Amino acid sequence: MLAPAQGTATLAAFRLNSRKSEPYAISWPDSQPKLNSYDKIALLKHSLKNNHEFEDDADVLDGTSGPSQHDKIAVMPGGALDIKAGFLGLDQLIAAALGFEKVRGSALESPDFGISGLGTTLTGTTAAGTTATTLIASAAVFTSDAIIGDWVRIQELASTPNVFDQVRKIVGRTSTTQITVAPAWNASGGSDPNAGKAFAVAREFLHTYECSKHMHGENFQNIMAGVWGTAIGTNAFLTRHGTLVTWNGWKYEEWQFVFIRKLTFKLDAKNGLLVSAECVPAFHDLTNSNSQTRDTWRYVNGTQAVPASGSSFMVYERVQFPDAVFRLAAFSTGTALSASHNVGISEIEITIENPLDDASQTTSSGLYRDEPTRSEKRKVYGSFTLSRHKENTRVTQFLNESNLMASLTFTGSPITTGTVRNNELKIWLRRLRLETPDTSIPGVGVVPEKHSFVCLNCDNVTGNPAGMPTPTVGDGIENGPIIIQTRNQFPFNMFMAQNHENL
């Protein structure tokens with residue numbers, strides 16, 4: 001007989017639904033993405049519940065004091081995930097909360113392909129014969145087997161990037177000009193690159209997540225102009241919902257069309273970085289076998305089960321308190337944050353809130369909620385604490401209603417042996433104002449200093465803060481209050497179909 005579920009056996013994974021021909025539909029239970037490598041999250045606990053609402057006919061005058069009939073009128077699941085943050089496992093939740101990751105609308109795309117297994121940046125151009133599972137370079141750039149396990153991206157900008165802009169794992173090296181990739185280039189809507197396409201190879205990737213104006217499904221043409229807006233066509237959407245699956249030791253639970261209402265980062269010395277994600281799913285499914293492959297959720301890369309000696313390649317690393325640096329300064333378009341702006345905090349909390357209209361039902365959605373959309377502006381706010389109150393700088397900034405800028409950066413271990421590229425998580429607070437400083441005296445002992453803050457969009461008056469990423473230009477992108485960057489081993493753009501679904 002199977003033993004009762006034990007919390008210690010629980011696993012969880014989350015994946016955004018990549019580009020689809022329809023952004024949201026109640027009839028999609030078989031179209032959820034298959035969760036696979038790089039989707040695992042470091043779950044501490046969850047409070048997801050499948051809420052059913054009923055109505056009885058007690059108010060009908062039918063000669064009896066008790067109801068004679070009950071009707072189910074709504075299915076509204078919801079709850080939260082509590083996560084022990086790692087440098088891997090947060091990207092998809094961040095993307096779902098902010099709503100956009102840079103795509104190839106210009107020469108810049110997220111993720112930025114950085115250092116390869118050779119310890120350098122490796123780029124080149126394809127030659128004839130780059131078809132099926134082969135990439136042939138026009139020059140001898142594949143000089144070592146160290147690139148096996150890295151990822152290669154065809155960087156097409158001129159014609160149809162949604163077809164050619166594919167990412168594949170390098171699984172073999174035939175010569176200095178030829179490698180083998182998996183899956184094939186033409187898998188799942190891709191196309192054989194053939195000759196003349198630029199490519200890049202890397203094992204570490206810098207992702208940039210920005211604030212979208214909306215949270216519902218949108219066509220790329222509604223978000224940004226340029227090649228992507230025209231080449232991708234009108235029948236494919238960028239979606240901000242995902243699939244969450246948990247395994248509790250004896251059964252799977254699949255939560256479908258999951259939106260992130262609120263994402264909170266909380267750092268203190270005792271717990272390190274904790275992340276809470278308040279979820280708004282549409283369905284709770286115990287029977288769909290599409291994502292029931294927990295053995296593949298783990299983080300895998302390279303050709304070995306363990307990293308090479310002296311390398312942190314493939315290592316899942318937690319985000320700890322000593323990894324953090326917090327900087328705070330007056331808002332400036334000319335002077336970037338630096339070590340001179342470091343502030344020693346004892347704790348900090350940052351919340352991204354999407355006030356979602358998540359209880360609407362239509363004749364199309366029936367018992368279920370219609371696609372949630374933001375009913376109010378996105379809110380970004382938080383607080384931080386200094387262990388000792390010893391100066392009035394921040395209190396004066398509050399009294400003067402000063403525009404400030406800040407960053408919270410976590411730096412982990414090197415991703416690739418012999419390089420200076422480390423795991424990173426960077427939260428850029430582009431414009432903020434302090435609220436309600438608390439320097440009250442609690443009694444005998446040290447007096448702490450606590451500040452709450454609210455983040456504000458940058459505008460034409462304030463401009464872009466120096467040293468921080470500049471938002472993508474587009475009708476659907478905000479010059480928002482926050483941008484989040486991650487540097488890790490995740491090779492895919494969260495909103496692009498790069499055959500992530502099949503890996």
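**Strand pairing and a buried histidine**

Modeller: Strand 11 (residues 167-175) and strand 12 (residues 178-182) run antiparallel and are joined by 5 bridges. Strands here are DSSP runs (E, at least two residues) and helices likewise (H or I, at least four), numbered from the N terminus; two strands pair if DSSP finds at least two bridges between them. This is a predicted model, in which local features need pLDDT of at least 70 and side-chain atom pairs count only at pLDDT 80 or more, while totals for chains, interfaces and linings use all residues. Residues are numbered from 1 along each chain as its sequence is written, and side-chain values use heavy atoms, with hydrogens and water left out.

Biologist: Which residue in strand 12 stands opposite arginine 173?

Modeller: Isoleucine 179 stands opposite arginine 173.

Biologist: What is the strand order of the open sheet?

Modeller: The order of its 6 strands is 8-13-10-11-12-9, with antiparallel pairing. Strand 8 (122-125) and strand 9 (134-136) are the edge strands, each pairing on one side only.

Biologist: Which strands pair with strand 19?

Modeller: Strand 5 (residues 79-84) pairs with strand 19 (residues 272-280) in the antiparallel sense over 6 bridges, and valine 275 is the bridge partner of isoleucine 83. Strand 18 (residues 252-268) also runs antiparallel to strand 19, with 9 bridges. There, phenylalanine 259 has valine 280 as its bridge partner.

Biologist: How many residues are in the hairpin link between strand 18 and strand 19?

Modeller: The hairpin joins strand 18 to strand 19 through 3 residues.

Biologist: Changing topic: why is helix 1 described as largely enclosed?

Modeller: Helix 1 (residues 91-98) is largely enclosed by the rest of the structure because 8 of its 8 residues are buried. Buried means under 20% relative accessible area, exposed over 50%, and partly exposed in between (1.4 Å probe, protein chains only). Just after helix 1, glycine 99 takes a positive phi of about 100 degrees.

Biologist: And histidine 207, buried or exposed?

Modeller: Histidine 207, in strand 14 (residues 205-211), counts as buried at 0% relative accessibility.
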